[in-house]
Amino acid sequence: MTVPKNVVDEVKWLRDGLNLHNRNYYVWDDPKITDQEYDQLFRKLQALEQQYPELASDDSPTQRVGSMPATRFDSVEHRLPMLSLDNAFDESEMRAFEKKLSERLEPDAEPLLYTAEPKLDGLAISLVYEQGRLVQAVTRGDGRKGENITANARTIPSIPLELLRRPVPFAFEIRGEVYMDHAGFEMLNEDQKKNDAKVFANPRNAAAGSLRLLDSRITASRPLTFCSYAIGWMEDYQLKLKDSQYERMLWLRKAGFPISPYIEQVEGVSGCLDYYQRILAQRDSLAFDIDGVVFKLDSTSQQEQAGNVARAPRWAVAYKFPAQEVMTRLLDVDFRVGRTGALTPVARLEPVSVGGVMLSNATLHNMDEIHRKDVRIGDIVIVRRAGDVIPEVVSPVVAERKGDLSLPQMPAQCPVCGSDVVQQEGQAAWRCSGGLVCAAQRKEAIKHFASR
């Protein structure tokens, strides 16, 4: 069956348009049409491809919905090893990093210029493009070999299937991070709870687990995002890119790849320290998790001159933030009474510093959560603190559990006034029946009234 030329032209127009709108949305953060208009174009393309199967293409935006489950992931050797980064944890280690770097470069190399960007807390992957089309996606793995997750990567809207910008290299590799933002993470966990499925401890685990599912149709339903951070290798020596990591990242954005909106050029270690403090101050207000900032020598020729050690480049470093998740022991569980009489279980912890703040208490939300997480008194637990969110117990470290530890029990009487504690049918909360007789409820009611 011959496909009419007007249909071929319309399909091309729809694909190009949808790819352009994806780029405007994910790369430039500047959508030109509404979600409803995008969906109408998408459904129109989908209908034409179903009517004319001869027009099927792996590069079509409609192919992001996923394919039949795989039986396993094939192992792929990286053409260029995906090295890890050395870490710095304080100012003195940053100064030592620059001192060593300066000693390896030409005497007139100072002041050194760096490209700085936040260190996303996700999963590193490699994307290979040939003639502007995505042909392979591989996890970092052990740095030498990774898993072929091409089918899953194709479902992520922010990963371009075909590049709009020309010219592009005949073949090249892009490296970046797949992650999940806070809103997507909360939405996913709510869906997981409704379906009595596994609830993820943090966005990184959710992103890594979603990307490594054998069924890419499930991956397609997960709110994953991609951000590029480097060009790996390139086959096209006629395409001349500037001798600058920062300028190459801007070229990537023009080619259709998302890059960090917080990327900057900074000068010397003083510029690095200033950038670190500015990003650290914004950490809690960001829409996604970061665990530090990465500084890379900006000059790519100087990067080659500095070279690598066995596991890491000498020309880059990750300056890590104070941890927001730590382990400590759960000593006991207390119950606090709120304005409505609801009793909230609060973990009493061995004091531990989280994100620079010393914690001795963390919420356990409610009894249903305690039973779902299987938290026992005496457990080693993971505690998380992010921004203004009340510190919470994420999960027990079951491998560290020793002996027959007991689950916390809801008290029969209110710990403040002694009234009976009751649970209404269909509700997770247990409540003190004392009403305003209860001093805790009176106090919280007054505070609530005054705040209004």
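The dialogue below explains how to read several features of this predicted model.

Q: What should be known about the model and its numbering?
A: Residues are numbered from 1 along each chain as its sequence is written, and side-chain values use heavy atoms, with hydrogens and water left out. This is a predicted model in which local features need pLDDT of at least 70 and side-chain atom pairs count only at pLDDT 80 or more, while totals for chains, interfaces and linings use all residues.

Q: How many helices and strands does the protein chain have?
A: Helices (H or I, at least four residues) and strands (E, at least two) are DSSP runs, numbered from the N terminus. The protein chain has twelve helices and 18 strands. Its C-alpha atoms fill a box of roughly 80 × 70 × 50 Å along the principal axes.

Q: What share of the residues counts as buried?
A: Buried means under 20% relative accessible area, exposed over 50%, and partly exposed in between, with a 1.4 Å probe and protein chains only. Of the 452 residues of the protein chain, 48% count as buried.

Q: Which strands form the open sheet, and in what order?
A: Strands of a sheet pair through backbone hydrogen bonds, either parallel or antiparallel. Two strands are taken to pair if DSSP finds at least two bridges between them. Here five strands form an open sheet in the order S2-S11-S10-S3-S9, with mixed pairing. Strand S2 (87-88) and S9 are the edge strands, each pairing on one side only. Within the sheet, S3 and S10 pair in the antiparallel sense over six bridges, and Thr115 stands opposite Lys296 in S10.

Q: What span should helix H9 have?
A: The expected span of a helix is 1.5 Å times one less than its number of residues. The 15 residues of H9 (residues 268-282) should therefore span 21 Å, and the end C-alpha atoms are 22 Å apart, which agrees.

Q: Where does H9 lie, and what covers its buried residues?
A: Axes are lines fitted to C-alpha atoms, for helices over the stretch in contact, and angles run from 0 to 180 degrees between N-to-C directions. H9 lies across S3, S9, S10 and S11, and runs at about 135° to S9. Its buried residues include Val269, Leu273 and Tyr276. Their cover includes helix H3 (91-104), strand S3 (113-120), strand S9 (264-267), strand S10 (290-297) and strand S11 (316-320).

Q: At what angle do the axes of H3 and H9 cross?
A: Two packed helices are described by the angle between their axes and the distance between the axes. The axes of H3 and H9 come within 10 Å and cross at roughly 145°. Glu91, Met94, Arg95 and Glu98 in H3 meet Gly268, Val269, Cys272 and Leu273 in H9.

Q: Which loop holds Asp196, and what is its phi?
A: Asp196 is in the loop between helix H5 (182-194) and helix H6 (203-211). Its phi is near 55°, a positive value in a residue other than glycine. Asp196 is exposed, with a relative accessible area of 74%.

Conventions: Contact = heavy atoms within 4.5 Å.
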